[in-house]
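Subject: Handover of a structure

Dear colleague,

Please find below the structure that I am handing over to you. My findings follow directly after it.

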Amino acid sequence: MTYLDANATETLRPEARAAVLAALDGGGNPSSVHAAGRGARRRLEEARESIAERFGGRPSDLVFTSGGTEADVLAVHALGAGRRLIVGATEHDAVRSATRGAAVLAVDGAGVADLEALRRLLAEGGPALVCLMLANNETGTMQPMTEAGRLCRQAGALLHVDAVQAAGRVAVDFATLGADSMAISSHKLGGPQGAGALLVAPTLSAGLAPLIAGGGQERGRRGGTPPLPAIAGFAAAARAAGGAAALAVLRDAAEQGAVAAGAVVLGAGVPRLPNTTCLALPGVRAETQVIALDLAGVQVSAGAACSSGKVARSHVLDAMGAGALAGEAIRVSLPWCAGQADVAAFLLAYRIMAARLSRRAA
Amino acid sequence: MRVLVAMSGGVDSSAVAGLLAEAGHEVIGVTLQLYDHGAATGRKGACCAGQDIHDARRVADHLGIAHYVIDAEARFRDAVITDFADSYARGETPVPCIRCNQTVKFNDLVALAEDLGAERLATGHYVRRLDGPEGAELHRAVDPARDQSWFLFATTRAQLARTLFPLGGMPDKAAVRAEAGRLGLPVASKPDSQDICFVPQGTYGDVVARLRPEAAEPGEIVTEAGEVVGRHDGIARYTVGQGKRLGMAAQAGGERRVVVALDGARRRVVVGPAGSGTRLVRLDEVNWLTPARTLRCAVKLRSGDSLRAAEVVPTADGAEVHLDAPVLAAPGQACVFYQGTRVLGGGFICPPQPV
C-alpha cells in the first residue's frame, strides 16, 4: 500500500507515538491539586511551551482545542463578534461553515487571493475579520500572507490564518506572520488526531470568548479536560516536523510523470506546499480515479470527503475557474516519510489508470 | 474474478456481496448516492447520506471488501426525477425504477465496472441471466412473487453479457434472508424498502408538483365526447384505468366509469366506460433481447398485471402490439414481451395517436 494522502492525515511520527504512550501511562488531570495533577499539568505546559516556541507564539497565547476545525471556529466566534466577515474563496469547510453569509474573497486561476479585491472589500464598511488560509489543502497553494496582513492592519481589520496544512511543512512564524490568530492541528503534522491549537495575538488572547466554557480550563478560553496524550503527541510531532522542503523533489517527479501520462496540474506556477500536487485527468471523473488507484494500492483523495464517503465536487477548484477539470482532479499529498519508492508506485498505477480511462473518455 | 456489486444497503444486494465474496471473488461494493437524503426527508442539516449508505458500508466492513459511494445525484436528477415529473405532466404514468435501472444502474455501473477492471457487475435483482444460443438471456426469477424482470426489460444485451444476478435462482425471500443471516450480515432482518426511493412516505404528487406545477393544477374531467362531467385535482394523481378520485364522474346511468386517457396539454382527465380499451398498443424505445422479429408471445403492461396474449410487430421506430383482447394501456408504462420465463424485449407505451 502506498499512502499519499498526508493532507487528510499525516503518517504518525515515531516521536509522537512515544509521547502519546508515555502520557497515557503518566495519567493525571492537569486541573487536580495533588501530585498526579501537578505531573499532568507540567506535561501540558511543557507541550504548550514547545508548540508555541515552534510556531513563534507565546505559551500564554496558545489555546488547545480538539483540532483544526475547532480552532478555526473559535477564532471566528471570538474575533469575528461584531465584525464583518471576509473569507477566502478556497477556505476549508471548517471556516466556510462558520462564516455563512460572509463576503467572499476571489482567487485567481492558481488559487491565489486577489489582493486588490481584498483592498476593495476592506474599504467597503466597518471593522472586519478576514479569514485566509496559509496553504490550501487541495492544491497546496500558498497565500501572500505578509501583504494580506499589511492590508488588514491598515484597514483596522483582524486576520485569522488557517495554518493547518502549512504548519510543519513550510516555515510558519506567528510573531512575524502579521495575523491576529492562527489555527494549527496535530494530525496534519504527524501527531495523533484529537488535538489542535489556536494561537492568538497577545493583545487579544487574555479575554478570548470561549466556545465551550465548561470548567474554565485553558484560562477560561476552552472548557473541558485537555486530552493530554494527544497534546503530548502533538508537541512531539511539532518538534520533529520540518525539512519537508526535500519532499518537493519527489512531488515534482510525481507531477512530471503524471503530466507525461496526460495529467494537468492545477495550482502550478505559484508558491505551494512542497508535498502537494493537484492533478486533473481530462474527461475522467475524480471519483473513478480515486477508486482505480485505491484498487491498485495507491491512496489519494479528491475534493472534500463528505461523511457519506462520496467524492463531492471541489469548491476550491471551482473557485479557481477550473471548469470541468474541477470534477476530474485528484490530490496527491506526500507524507513526511515519503520516498522514491512511493513515487514509483504512484506513477506505475497512475500510468496504467490513465491509459485505460483516458482511452475510454476519448 | 473481480466483481463490482451494486449495494443499496438492503438485504438483497448485501447477500449478493456476501455470497460472491464467500465464493472467492474479489468483490468491490459500490453504493449510489442518488439524492440528498437530508433534503428529501426535509430534515434541515441532516447528512446527505441516508441510513442505507451507512448500512451498505457496515456490510462491506463486515465482509472485509472495498466499498465506495458514487455520487450519482446529478445524473439521477436528470435521468430519473426530472423524467418522472415531465412524464406525469404529459399525462403519462412513468416507471422511475425502469429509468433508473436503464441509466444510473446498468449503463453507468457497467461502464464503471469496465473502468475499474471488473469483469462483471452484480446486483440484487430477482431475475435470472442464462446463457443461450443467442448469448445472454434474461429470464424471470424462480420466485414469481419477487420477479423483477418487468423492471429490467431495458437492460441491453451488451449490459446483460457483463451482469450477474445471483438471487434470481433463490426459492424465495426467506431463503435470501437466511443466507444473509448465515453470513452474519448486519442487515439480515432489515425490512424491505417500499415504493419509490426518492419520494418520502409515498407523497409522489408533491415531488411532481414541485418540478412541474401544472401537473398538480386542477382541471376538467370530460367524457370521450368532450362533455365536462367533473373536476380533478391535478392529472398527476390519475392513471389510465383508474376508477378512484373521480367523484360524481365515476358513474353514469349506473355504469362505472374509469380514466381512459389523460390530456396533458389541456390538463384533462378523460373518462369512459369500465371495460373499454384497445387491441393496438404502440411502443417506443424498444429494447430487443432477441433479434427483432414478429413474435407471438405474452405481454405484461404493468408491473402487477397478468400476462396477455399478443402479437408483437417491430416497426421502424418501435413496435406495435396487437392484443388478442382489448385493454386499457397507460402511456409511460412498460410493455414487456415474455415467452415462457424468458424476456424477449419490451418498450414504453406511447400515448394513443390523435384521431
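In this predicted model, strand E13 (residues 278-288) of chain B is joined to strand E18 of chain B by 4 bridges, and the two run antiparallel. Within this pairing, Leu283(B) stands opposite Ile349(B) in E18(B).

E17(B) and E18(B) make up a hairpin that has 2 residues between the strands. In its turn, Gly340(B) has a positive phi of about 65°. Strand E6 (residues 135-140) of chain B also runs antiparallel to E18(B), to which 2 bridges join it; His139(B) stands opposite Arg342(B) there.

As to the domains of chain B, the assignment gives domain 1 (2-201), domain 2 (217-273) and domain 3 (278-349). The centres of domain 2 and domain 3 of chain B, taken over C-alpha atoms, are separated by 26 Å.

Chain A is assigned two stretches as domain 1 (2-10 + 243-361), while domain 2 covers 14-240. Between the centres of these domains of chain A, taken over C-alpha atoms, there are 27 Å. Where they meet, 25 residues of domain 1 of chain A are in contact with 25 residues of domain 2 of chain A. On the side of domain 1 of chain A that touches domain 2 of chain A, strand E10 (276-280) and helix H13 (315-319) of chain A each supply at least two residues. The largest share of that side, 3 residues, comes from H13(A). By residue type, the side consists of 14 nonpolar, 8 polar and 3 charged residues.

Chain A also holds an open sheet of 7 strands with mixed pairing, in the order E2-E8-E7-E6-E5-E3-E4. Strand E2 (62-65) and strand E4 (103-105) of chain A stand at the edges with a single partner strand each, so one side of each has no neighbour in the sheet. From one strand to the next, the twist averages 20°. One pairing in chain A is that of strand E7 (residues 181-185) with strand E8 (residues 196-200), which run antiparallel and are joined by 5 bridges. Met182(A) stands opposite Leu199(A) in E8(A). Helix H6 (residues 145-155) of chain A lies across strand E5 (128-133) and strand E6 (158-162) of chain A, and runs at about 155° to E6(A).

Finally, I turn to the nonpolar core. Which residues touch the most other members of the largest nonpolar core, with its 231 residues? They are Val161(A), Ala163(A), Ile231(A), Ala329(A), Leu4(B), Val5(B) and Ala17(B). Helix H10 (residues 228-240) of chain A gives the most to this core, namely 9 residues. For Leu4(B), the contacts beyond its neighbours within four places in sequence are Ile28(B), Val30(B), Leu109(B), Leu112(B), Ala113(B), Leu116(B), Ala118(B) and Leu121(B).

Yours sincerely,

A colleague

Key. Residues are numbered from 1 along each chain as its sequence is written. Chains are lettered from A and ligands numbered from 1 in the order in which they are written. This is a predicted model: local features need pLDDT of at least 70, side-chain atom pairs count only at pLDDT 80 or more; totals for chains, interfaces and linings use all residues. Domain bounds come from an automatic or database domain assignment. Two residues are in contact if their C-beta atoms, placed from the backbone, lie within 7 Å. Ala, Val, Leu, Ile, Met, Phe, Trp, Tyr, Cys and Pro count as nonpolar, Asp, Glu, Lys and Arg as charged, and the others, Gly among them, as polar. A nonpolar core is a set of buried Ala, Val, Leu, Ile, Met, Phe, Trp, Tyr and Cys residues joined through C-beta atoms within 7 Å. A residue is buried if 20 or more other C-beta atoms lie within 10 Å of its own, exposed if 12 or fewer, and partly exposed in between; C-beta atoms are placed from the backbone. Two strands pair if DSSP finds at least two bridges between them. Axes are lines fitted to C-alpha atoms, for helices over the stretch in contact, and angles run from 0 to 180 degrees between N-to-C directions.
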